[in-house]
Amino acid sequence: MAVGIYEVVLSMFVLSTISIAIKATTRPKIELRYQQQATHLRGRGSIEDMLEKCPSLRQYQLPFWSFFDVGGTLSTIIAHIMRHLHLRSRPFQVKRHLLRLEDGATVAIDWVLAHTDQHVEYTNGVSVRNDSEQENISNHNASGSSRPVIIVMHGLCGSSESSYVRVFSERANEQGFDVAVLNARGCGRVPLTTCKPMHAARTSDFDRALKYVQTCRPQSRIFAIGFSLGAGILANYLGKYSSLAELDGAVCVSPSWNFHRKHWAFTFWERHLVNTLKEYAEHNKSTVSEMQLYDSLMRVRCVREFDALAVVKPGGFRDVDDYYTTASSIHTSRRITVPTLALSAADDAVCCVDGAPQKEEEFGVGLVVAITRSGGHLGFPQGILGLSPTGLAEDAALDWFNACMSETPRKSN
């Protein structure tokens, strides 16, 4: 036993030493990549002008312990813990609209309510009030609000209740933005009403949600932010629709640019991801059983096995590799024209940064890729101690959206 513990400690010491050496000698705190010829965005302003209005990127300070962070593990876990501690006693209210899609699927738009005088009962600190589509649209139009709106896309099997979504929504409300969270098929207590579950290659659900928000808020500037899986879907949408994308700005946090690329520490997190996918299947057991997949999905050991069963055939893909290629936004990044900030960490073990755009021809005129030396997956803690519930992702995203409002003309709805 003593030898085993000694070997583990020695291994961690060696890995930490290597991590310190690599981080200290090979990467700046933040590396910015974008198309050098992109002088103007939609006829006004430039990428340099936009970045100048993002002080969070210039002032970013890594926690002292980031040099000892192997595979972004500390950044990911500590940020997660601090968000949960912050939210533990804070109620969260949303006004939900269930949106029925053309193929019979259902998604939910949760309007985050910053302030309300109405009495609402809470379940685990979260309240949900449901409205019909016409009532919901009428309520928003009646107010005549022109406050900017941010559509939020959560990560794998997340929801409006995910801690990173709630912390960002809280900060966005404080800065004058309204927030509408898109809950994917079968996520966040949204029923899975077809045999076509959520997956990373489908952009049509976001497009439908965007049109709904535009109808609700015709006077507002509309932005979008995606986290993890949602970030990849958003990046794919932006490249696929290019200049037709009806957004005034976008932020992608920890996207997977290339699903064929894997970080060396991915296997450390894969068990957690598989358990998350199994919970998704359990929550939607009736529909998954109708697909005759429930027992098989409960036995999978890796993400690829789950995708082969639950995504390939229902999604119309030839095989898993075809699905991963279609979902990889690196193939459409060159067509992104909407002002877009993509934030990744070099040590993100879940969504490998090696797949991010690097060559000039891989960048659309609106795309900026910011890669931090450390930060993990959806972590990005900052400051000497790095113990704040908010990190670089929230600050940089809101800086970017404010820069979009001052430097680029409104995208007409």
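**View 1. Q382 sits in the loop between β10 (367-372) and α15 (392-407).** Helices (H or I, at least four residues) and strands (E, at least two) are DSSP runs, numbered from the N terminus. The model is predicted: local features need pLDDT of at least 70, side-chain atom pairs count only at pLDDT 80 or more, and totals for chains, interfaces and linings use all residues. Residues are numbered from 1 along each chain as its sequence is written, and side-chain values use heavy atoms, without hydrogens and water. The Q382 side chain makes a polar contact with the side chain of D395 at 2.7 Å. It also reaches the backbone oxygen of G391, at 3.4 Å. A polar contact is a pair of N or O atoms within 3.5 Å; within protein, one must be able to donate a hydrogen and the other to accept it, and residues adjacent in sequence count only if both atoms are side-chain atoms. Beyond neighbours within four places in sequence, Q382 is in contact with residues including Y60, Q61 and P63 (contact: heavy atoms within 4.5 Å).

**View 2. F168 and F227 form an edge-to-face pair.** Their ring centres are 6.1 Å apart and the planes stand at 70 degrees. Rings of Phe, Tyr and Trp (its six-membered ring) pair if their centres lie within 6.5 Å; planes under 30 degrees apart count as stacked, over 60 as edge-to-face, the rest as tilted. F168 belongs to helix α6 (residues 163-174) and F227 to strand β7 (residues 222-227), 59 residues apart. Both are buried (under 20% relative accessible area; exposed is over 50%, partly exposed in between; 1.4 Å probe, protein chains only). The structure holds 11 aromatic pairs.

**View 3. F268 and W269 also pair edge-to-face.** The centres lie 5.3 Å apart, with 85 degrees between the planes. F268 has 54% relative accessibility, so F268 counts as exposed. W269, at 14%, counts as buried.

**View 4. K262 lies over the face of F266.** The distance to the F266 ring centre is 5.5 Å. The charged end of K262 also sits over the ring of Y324, 5.4 Å from its centre. A charge sits over a ring if NZ of Lys or CZ of Arg is within 6 Å of the ring centre and within 35 degrees of the ring normal. Y324 belongs to a cluster linked by ring pairs, together with F259, F317 and Y323.
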